[in-house]
Amino acid sequence: PPGSLGDWWLAWRSTESFKRKAEGTRAEFEYAWKTIGPELGDKQLARITPADVEDFQMKLEGGKSEYRRWAIIKKLRGIFNAALAYGLISQSPAKTLPNPQPAPRQVIFRPDQIKAAWESANTAKHE
């Protein structure tokens with residue numbers, strides 16, 4: 001609806017500020033919107049509260065990995081920050097929401113695992 005977060009999302013995607021973002025960054029926003037839109041897209045942008053964003057973040061805990069939740073909230077903050085920059089809101093409702101970046105994952109592969117993965121990928125490439 002007009003004035004909604006979804007309305008702003010559609011408008012922002014056509015701005016130069018969005019188009020100047022790297023292709024990968026734009027793709028990350030698009031991916032995050034697939035989760036954000038159904039939950040917050042119809043809400044009036046100026047009426048989204050920190051509690052709404054917190055509720056959304058808690059809903060993510062049920063079905064998304066820690067990294068994916070962090071990335072989605074990070075992109076939601078970016079959408080709010082753009083609305084702030086364009087004067088559509090006076091402050092971001094996600095500003096006070098904690099969103100610490102997850103610890104990096106570390107995996108150590110044995111040489112035989114690397115060889116098996118390489119052989120599997122090489123075989124699939126030729127089929």
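Q: How many salt bridges does the structure hold?
A: A salt bridge is a side-chain nitrogen of Lys or Arg within 4 Å of a carboxyl oxygen of Asp or Glu. This is a predicted model, in which local features need pLDDT of at least 70 and side-chain atom pairs count only at pLDDT 80 or more, while totals for chains, interfaces and linings use all residues. Residues are numbered from 1 along each chain as its sequence is written, and side-chain values use heavy atoms, with hydrogens and water left out. The number of salt bridges in the structure is 5.

Q: How many residues apart in sequence are the parts that the pair Glu 28 and Lys 75 ties together?
A: Glu 28 forms a salt bridge with Lys 75, with 3.1 Å between the closest N and O atoms. Glu 28 belongs to helix H3 and Lys 75 to helix H5, so the pair ties together parts whose separation in sequence, in residues, is 47.

Q: Is Lys 75 buried or exposed?
A: Buried means under 20% relative accessible area, exposed means over 50%, and partly exposed lies in between (1.4 Å probe, protein chains only). The relative accessible area of Lys 75 is 9%, so Lys 75 is buried.

Q: In which helix do Lys 115 and Glu 119 both lie?
A: The side chains of Lys 115 and Glu 119 meet in a salt bridge, at 3.9 Å from N to O. Lys 115 is exposed at 52%, whereas Glu 119 is partly exposed at 37%. The two residues are 4 residues apart, about one turn of the helix, and the helix in which both lie is H6 (residues 111-126).

Q: How many helices does the secondary structure of the protein come to?
A: Helices (H or I, at least four residues) and strands (E, at least two) are DSSP runs, numbered from the N terminus. The elements run α-α-α-α-α-α from the N terminus on. There are 0 strands, and the number of helices is 6.

Q: Against which helices do the buried residues of H1 pack?
A: In helix H1 (residues 5-13), the buried residues are Leu 5, Gly 6, Trp 8, Trp 9 and Trp 12. They cover an arc of only 160° around the axis, which puts them on the same side of H1; the arc is that of the directions from the helix axis to the C-beta atoms. These buried residues pack against H2 (16-19), H3 (23-40) and H5 (66-85).

Q: What radius of gyration does the protein have?
A: The radius of gyration is taken over C-alpha atoms, and the globule rule is 2.2 Å times the number of residues to the power 0.38. The C-alpha atoms fill a box of roughly 55 × 30 × 20 Å along the principal axes. A compact globule of 127 residues would have a radius of gyration near 14 Å, but the protein has 19 Å.

Technical notes:
Contact means heavy atoms within 4.5 Å.
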